[in-house]
Amino acid sequence: MEKPERLITEGKRLDGRALNELRPIKMKVGPLKRADGSGYVEWGKNKVLASVYGPRETHPRHLQESDSAILQVRYNMASFSVEERKRPGPDRRSTEISKVTREALMPALFLGYYPRSSIDVNIEVLQADAGTRCTGINAASLALADAGIPMRDLVVAVAAGKIDGQICLDLDKNEDNFGEADMPIAVMPRRKNITLLQMDGDLTPQEFMQAMDLAMGVVDYLYEMQRNALMEKYRG
Amino acid sequence: MQEVVEEVKRESIRSLVADGKRPDGRAFDQFREITYETNVISTAEGSCLLHLGDTQILVAVKTAAGEPYPDSPDEGVLITSAELVPLAAPDVESGPPLSSDKYIEIARVVDRSIRESKMIDFSKLCLERGKYVVVVFVDIHTLDDGGNLIDGATLASVIALLTCRMKKWELVDGKPVAAAGQTQALPIRRIPIACSVAKFGKALLVDTTHEEEIGMDSKIVFGLDEEEHIRAIQKTGSGPWSREEIEAALELARKTVSDLRKKLKLEVAA
């Protein structure tokens, strides 16, 4: 797609959303049977699966910690998940996302309960349209809860950004490509603790705080969605 | 044994910071001394050996002619890599390092400040649209890990780019060649500076040493341009932050970067 003349027209974005509107979101708990826990999230055109195995024996063994479990996260994009086929396997981007995702989830877990063991989270992006790390964190949060891992709180994630000079919520692919800034955050909702924060682009300090407040404003809504998805599985 | 020592260090650093002190006696908002030399590597087109307290980082810049990315056919390319060489710290394994996600993150965050601030005018590095552009390689070598690698690596990279005399690439019979004996400055527009703010409970510190980093909760890196626009942010480490703490960290980073700018007086070469 060529750069459109405007990303916002009369307060509406290219896909018809208002500036503070999320894309349609669906969450499902337990789609995978072999995994100890799993979650699936559709977020606009993003489709992301997450599985959890563990607590189990640590591989490789030398990563073991004597006084706590370790959390291992692998974020992976399927080769077919983007327009032009991606070479399969990890790259620098996915390595970084795996790292920040692990750090986003860790504060929610009581890792001290399981010395020497490993909790392994796999995030598989099946279809991507910007916002895959946030979608993946939401799916992983559901999968961890589904696996019965003791948690302080769930973890929700969402991005805010800037397009056509205006701060808005949840950028899609075109907005990310042609916009001015993208800022994903992850939050433990009960105490509004921020566990992931990244940004690339151009924001003034005022715009940055505005973007953060916009994202923080939908945390409780996403929390409710995750709780409903979890209850849905165990109710039926 | 290692784990016990780390735990003891962690506790001692945290209790010291809780008393308002740092192991080396600095104030929480005080940077260590920065010194640097440029053009230390004659086989590179630009280089900077930076000392930030005990941290030593060597950055070298080289250029080559290469293909542009399909989505930016008339712009040069930036490739940033970071390596911790085994002489820099006791726990670095030779071969592909296991903790390499830390170094990939350093390279990507340094790259983000340079790229998003539009430091280099890549439109001036196109040789033939869609076919040949200049590729700028920034290679970060951490020689001695004394902490705060991201700020140090960003600064060393920026200085190496500012002082770089790149090869003069031109097309001869449709092929890119480096003109013999000729060099030129990179097309520089802005000078980004990064400041990481580390959180220890309620305390916020800049320019943490390796020893202090053992005890911190996590840190947030802010990449700022001359107008104090934020061009890059990265939270690194697992400890969570409140909105208010992030706002305070940004204020501290702005003040620190503004002081560093006054002190370092970096300029685009004429």
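**Burial, chains and contacts**

Author: In chain B, 43% of the 270 residues count as buried. This is a predicted model, in which local features need pLDDT of at least 70, side-chain atom pairs count only at pLDDT 80 or more, and totals for chains, interfaces and linings use all residues. Residues are numbered from 1 along each chain as its sequence is written, while chains are lettered from A and ligands numbered from 1 in the order in which they are written.

Reader: What makes B:Thr256 count as buried?

Author: A residue is buried if 20 or more other C-beta atoms, placed from the backbone, lie within 10 Å of its own, exposed if 12 or fewer do, and partly exposed in between. B:Thr256 has 22 C-beta neighbours inside 10 Å, so it counts as buried. B:Thr256 is in helix 5 of chain B; helices (H or I, at least four residues) and strands (E, at least two) are DSSP runs, numbered from the N terminus.

Reader: Which residues does B:Thr256 touch, not counting residues up to four places away in sequence?

Author: They are B:Asp29, B:Phe31, B:Cys195 and B:Val206. Two residues are in contact if their C-beta atoms, placed from the backbone, lie within 7 Å.

Reader: Why is B:Lys118 called partly exposed, and why does A:Glu10 count as exposed?

Author: B:Lys118 has 15 other C-beta atoms within 10 Å, so it is partly exposed. A:Glu10 has 5 C-beta neighbours inside 10 Å and therefore counts as exposed. B:Lys118 is found in the loop between helix 2 and strand 5 (126–128) of chain B. A:Glu10 has its place in the loop between strand 1 (8–9) and strand 2 (12–13) of chain A.

Reader: What is the phi of these two residues, B:Lys118 and A:Glu10?

Author: Phi of B:Lys118 is near 55 degrees, a positive value in a residue other than glycine. A:Glu10 is not a glycine either, and its phi is positive at about 45 degrees. Most residues other than glycine have a negative phi, and most peptide bonds are trans.

Reader: Which peptide bonds are cis, at A:Pro55 and at A:Pro60?

Author: The bond from A:Gly54 to A:Pro55 is cis, with omega near 0 degrees, and A:Pro55 sits in strand 5 (residues 46–57) of chain A. The bond from A:His59 to A:Pro60 is cis too, with omega near -10 degrees. A:Pro60 lies in the loop between strand 5 and strand 6 (70–77) of chain A.

Reader: How do you know that chain B is as compact as a globular protein of that length?

Author: Chain B contains five helices and twelve strands. Its radius of gyration is 20 Å, close to the 18 Å that the globule rule gives for 270 residues, so chain B is as compact as a globular protein of that length. The radius is taken over C-alpha atoms, and the globule rule is 2.2 Å times the number of residues to the power 0.38.

Reader: What does the globule rule give for chain A?

Author: Chain A has five helices and eleven strands. For its 236 residues the rule gives 18 Å, and the radius of gyration of chain A is 18 Å, so chain A is as compact as a globular protein of that length. Of these 236 residues, 49% count as buried.

Reader: What makes the nonpolar core a core?

Author: A nonpolar core is a set of buried Ala, Val, Leu, Ile, Met, Phe, Trp, Tyr and Cys residues joined through C-beta atoms within 7 Å. The largest has 138 residues, and A:Leu105 and A:Ile185 have the most contacts inside it. Helix 3 (residues 149–162) of chain B gives the largest share of this core, ten residues. Among the residues that A:Leu105 touches are A:Leu71, A:Val73 and A:Val121.

Reader: How many residues of chain B are in contact with chain A?

Author: 27 residues of chain B are in contact with 28 residues of chain A. The elements that give two or more residues to this side of chain B are helix 2 (100–116), strand 12 (230–236) and helix 5 (243–264).

Reader: Which strand of chain A is joined to strand 12 of chain B?

Author: Strand 11 (residues 193–203) of chain A is joined to it by four bridges, and the two run antiparallel. Two strands pair if DSSP finds at least two bridges between them. A:Met199 has B:Ile233 as its bridge partner in strand 12 of chain B.
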